[in-house]
Each structure stands twice: as structure tokens, then as C-alpha cells.
Amino acid sequence: MHNVYSVGQVNSYIKNMFTQDFALSKIYIKGEVSNCKYHSTGHIYFTLKDETGTLACVMFAGQRKGLAFQMKEGQTVVALGSVNVYERDGKYQMYAKEIILDGAGLLYEKYEKLKRGLEEMGMFAQEYKQSIPRFVRKVGIVTAPTGAAVRDIMNIASRRNPYVQLILYPALVQGEGAAASIIKGIEVLDQAGVDVIIAGRGGGSIEDLWAFNEEAVARTIFECKTPIISAVGHETDVTIADYVADLRAPTPSAAAELAVFEYDSFIEDLFRYRRSFDTSFERRLNEYRNKVERLRLRLELLSPANQIREKRQLTMELENRLRMKMENILKAKRFQLEIYMEKLNGLSPVNKLNQGYAYVADNKGNTVNDIDKVKKGDCLEITVANGIIVSEVKETKSDKSFTEGQRRE
């Protein structure tokens with residue numbers, strides 16, 4: 001037997017044939033999804049079929065970033081990948097890298113490609129975003145003049161602040177020429193001097209919203225000097241314009257609320273701030289008044305005039321205390337003097353003389369208080385209250401009773 005090959009050799013040979021086929025290495029295949037299974041490992045196994053046949057497919061977990069939607073039975077998709085042989089089973093299958101929905105999927109692919117390109121250019125960067133003025137007076141609107149979006153914006157704006165001026169640029173927002181019309185509206189309003197621009201429309205399919213995914217519209221929004229709020233579709237609709245705009249609103253009504261400040265609330269805030277300011281100002285003013293008063297009292301306390309007054313008052317108090325002390329001392333001394341005077345009066349010879357007593361002295365002035373100091377014939381001078389009596393001793397008599405009484409005393 002010649003040229004006998006194993007199963008593995010045949011499968012490997014066929015695999016090499018598939019690998020060398022350039023057409024099968026990168027191919028788009030369109031079909032209906034069936035037997036779709038999400039494996040616990042993250043891989044997706046499914047089958048693409050049409051009226052002529054079926055093709056087994058797999059998307060590995062590492063390629064899942066190329067899938068932007070949840071795959072379901074019956075969806076018509078376009079899968080990008082390669083067709084090759086799984087040697088173990090000897091079956092060929094498609095290894096998908098990207099999967100997009102047919103029709104809208106092509107637009108979505110274009111959308112993702114443009115989104116990645118603009119993001120790499122930095123057009124979505126936060127540092128290029130302009131802040132939306134808080135108190136606007138003119139709001140420019142780029143949208144269809146008859147759609148629900150403009151009515152919602154007008155109703156919300158008039159309810160929040162009837163004094164804000166709305167300037168509408170009636171633009172095409174769908175179909176041929178829509179992108180150019182939106183660009184023209186943004187440029188006109190940017191030159192008109194409005195405070196903020198709202199560019200948007202109501203919800204719809206990706207085809208309906210496609211004008212806001214055009215690169216030219218995105219560049220116009222990026223280059224606009226006036227802050228722009230993007231308000232396209234419903235909350236789940238996200239366009240390229242939303243990424244480039246300075247602020248994204250989920251709906252046109254929300255855009256009006258973000259752009260137009262609420263007048264009644266502003267007035268209430270203004271009065272509240274005024275009351276708070278008045279209260280704070282009054283409190284601060286009272287604090288400064290009290291501080292000035294404390295400084296004034298301190299200055300007055302430390303002033304030379306006040307020091308002189310205090311010293312003068314202290315001097316007066318000391319003078320009064322000294323005077324009172326002197327008076328008390330004088331009073332005590334005067335009282336003591338009166339006692340001494342009384343005592344002196346009691347011992348005064350004059351008083352004694354007035355009481356009938358006399359002072360006796362010899363002719364030499366010596367006191368005679370004993371009969372033994374004189375003899376008969378001596379001359380004595382007897383002093384009485386009103387003069388001196390000169391006498392001569394004729395006789396002396398001894399009085400023993402007097403002497404004994406004197407001794408007892």
C-alpha cells in the first residue's frame with residue numbers, strides 16, 4: 001500500500017491549505033445567528049446560517065471587545081474573522097474577531113471607528129470642555145422647527161425663566177443635507193453672540209440620528225467658541241456629538257434645564273443670601289463694635305489723664321486715711337493728756353493751797369516738813385494760796401497720831 005496517511009496528517013494538511021488561503025484569513029460572512037451559547041469561560045459558540053447552509057463559529061473571550069451588543073437567536077449579523085480547521089474534530093469553523101449587526105451594524109462600525117479616531121485626536125478630552133454659564137440671557141437652539149424637541153425646550157425654558165431669549169436656527173436633523181444644516185446653524189449662532197447653544201433632536205434609530213455622528217459636525221462643535229450642550233435622542237442614545245460637546249444632556253428637555261437657570265429659585269436664593277449677608281454683616285459689625293469698645297476702654301484705662309486721675313484718687317484716699325489716722329492718734333493722745341491733766345490737777349500744789357494747805361520753808365528755802373528741822377526763834381516762810389506769811393517759831397508740838405496715820409498710808 002502506498003501513500004497511506006493518518007487522520008491527523010490529513011487534518012493538518014487541510015488546515016495548512018486553509019491557512020495559506022488569503023481569502024479565508026480575513027473574511028466577512030453574513031448570516032442568521034442560531035445555537036448561540038455564552039460559555040462560562042467567556043467564549044461564544046454560535047452558528048451562522050442562510051437558506052443554502054450553515055457555518056460553525058466561535059468568538060474567544062479575548063475578542064469579546066469586538067462585540068458591542070448581546071447576540072440573540074435570529075439576528076442577522078456580519079462577522080469578521082478567519083475560517084480554519086479544528087484539527088481534533090476535522091471540522092472547519094469561523095474564528096470571529098468582530099461581529100456587527102447587519103444594516104445598522106455597518107453604521108455602528110463606522111460610528112465606532114470615527115469615535116476611536118476622534119478620541120485619539122483628543123477631541124473628547126475634558127480639558128477642552130467649556131463650562132456652561134450659570135446665568136444665560138440668550139440661548140441658541142439648533143434643531144428642527146416643528147419637532148417635539150424644540151417644543152420641549154421652549155416649554156421648559158419659559159417655565160424656568162421667562163426672561164431668557166431663545167433664538168432658533170431651523171435645521172434639518174435627518175436625511176440628506178442634515179449635517180451641513182446643523183453645521184451652518186452652529187456657525188450662525190456662534191457669530192450671533194448667544195451665551196450657550198443647544199444642538200439636538202428627538203429620539204430615533206441610528207440611521208435617524210446619523211447626522212450627529214458625522215465627523216464634520218463633530219469638528220464644528222469642537223471648534224465652536226460658544227459652549228454647546230448636545231441633546232440628541234433619548235437617554236440611551238449616545239452620538240459622536242455627545243462626546244465632543246461641552247456638556248451632554250440625555251434629552252432636549254434636560255438640555256433646557258441645564259442651560260436655563262430657574263428664575264424663582266434664583267430669586268429665593270438671592271433673598272436667602274441677602275438675609276444671610278445681613279445677619280453675617282450685623283454680627284461682624286457687632287464684633288468690631290465690641291472690639292473697638294474694649295480697645296477704647298483699654299486706651300482710656302492706660303491714658304495719662306486716667307493715670308493721673310487714678311493717682312490723684314489714690315493720693316486723696318491716702319490723705320484721708322492719714323488724716324483719719326492722725327485724728328485718731330490725736331484723739332487718743334488728747335484723751336491721755338486729759339487723764340494726765342486730771343492727775344496733775346490732783347497733785348498740783350496750787351490746788352492743795354486752795355484747799356487750805358500751806359507750804360512751809362525756812363529762810364534758806366528748804367522745805368520744813370518735820371518739827372525736828374526747826375527750833376524756837378527760827379524764821380519760817382509759809383506759802384498760802386494768795387501769798388507768803390513770814391513767821392517766827394515760838395514753839396513746836398509733836399502729834400503722834402498724825403505720824404502713825406501717815407505711816408499707815
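Biologist: Before anything else, what do you count as buried, exposed or partly exposed?
Modeller: Buried means under 20% relative accessible area, exposed means over 50%, and partly exposed is in between. Keep in mind that this is a predicted model.

Biologist: Fine. Is Ile 14 buried, exposed or partly exposed?
Modeller: Ile 14 counts as partly exposed, because its relative accessibility is 31%. Its place is in helix α1, residues 7-20.

Biologist: Which residues form a nonpolar patch on the surface with Ile 14?
Modeller: Tyr 5, Val 10, Tyr 13 and Met 17 form the patch with Ile 14. Together the patch residues have about 530 Å² of accessible area.

Biologist: What about Asn 16?
Modeller: Asn 16 also lies in helix α1. Asn 16 is partly exposed, because its relative accessible area is 40%.

Biologist: How far is the C-alpha atom of Asn 16 from that of Val 85?
Modeller: The separation is 8.6 Å, for two residues that are 69 residues apart along the chain.

Biologist: Now the inside. In the largest nonpolar core, which residues touch the most other members?
Modeller: Val 142, Ile 221 and Ile 228 do, in a core of 32 residues. Two or more residues each come from α3 (104-121), α5 (178-192), β8 (196-201), α6 (215-223), β9 (228-232) and α7 (240-244).

Biologist: Which element gives the largest share of this core?
Modeller: That is α5, with 6 residues.

Biologist: And what is Ile 221 in contact with, leaving aside its neighbours within four places in sequence?
Modeller: Ile 221 is in contact with Ile 186, Ile 228, Ala 241, Val 244 and Ala 245. Apart from this core lies another one, of 21 residues, with Leu 48, Phe 69, Val 77 and Ala 79 among them.

Biologist: Switching to strands. How many bridges pair β1 with β2?
Modeller: There are 5 bridges between β1 (residues 27-38) and β2 (residues 44-50), and the pairing is antiparallel. Glu 32 stands opposite Lys 49 in β2.

Biologist: What links those two?
Modeller: β1 and β2 form a hairpin with 5 residues between them. In the turn, Gly 42 has a positive phi of about 105°.

Biologist: What does β2 do on the β3 side?
Modeller: β2 pairs with β3 (residues 53-59) in the antiparallel sense, over 7 bridges. Tyr 45 stands opposite Val 58 in β3. The hairpin that joins β2 to β3 goes through 2 residues.

Biologist: Why does β13 lie largely in the open?
Modeller: Strand β13 covers residues 387-392, and of its 6 residues the number buried is 0, so it lies largely in the open.

Biologist: Charges next. How many salt bridges does a search of the whole structure find?
Modeller: The search finds 8. Side chains of opposite charge can pair when their charged atoms come close.

Biologist: Give me one.
Modeller: Asp 89 forms a salt bridge with Arg 88, and their closest N and O atoms are 3.2 Å apart. Asp 89 counts as partly exposed because its relative accessibility is 39%. Arg 88 is exposed, with a relative accessible area of 65%.

Biologist: Which residue does Arg 219 form a salt bridge with?
Modeller: With Glu 215, the closest N and O atoms being 3.0 Å apart. Arg 219 and Glu 215 are 4 residues apart in helix α6, so about one helical turn separates them. Arg 219 is partly exposed at 32% relative accessible area, and for Glu 215 the value is 32%, which makes it partly exposed.

Note on methods: Residues numbered from 1 in each chain as written. Predicted model: local features only at pLDDT ≥ 70, side-chain atom pairs only at ≥ 80, totals over all residues. Heavy atoms only, no water. Patch = residues over 30% accessible without salt bridge, like charges linked within 9 Å, V, L, I, M, F, W, Y side chains within 5 Å. Areas by Shrake-Rupley, 256 points an atom, 1.4 Å probe, with all protein chains shown as cover. Salt bridge = Lys/Arg side-chain N within 4 Å of Asp/Glu carboxyl O. Buried < 20%, exposed > 50% of the residue type's maximum accessible area, 1.4 Å probe, protein only. Core = buried A, V, L, I, M, F, W, Y, C linked by side-chain atoms within 4.5 Å. Contact = heavy atoms within 4.5 Å. Pairing = 2+ DSSP bridges.
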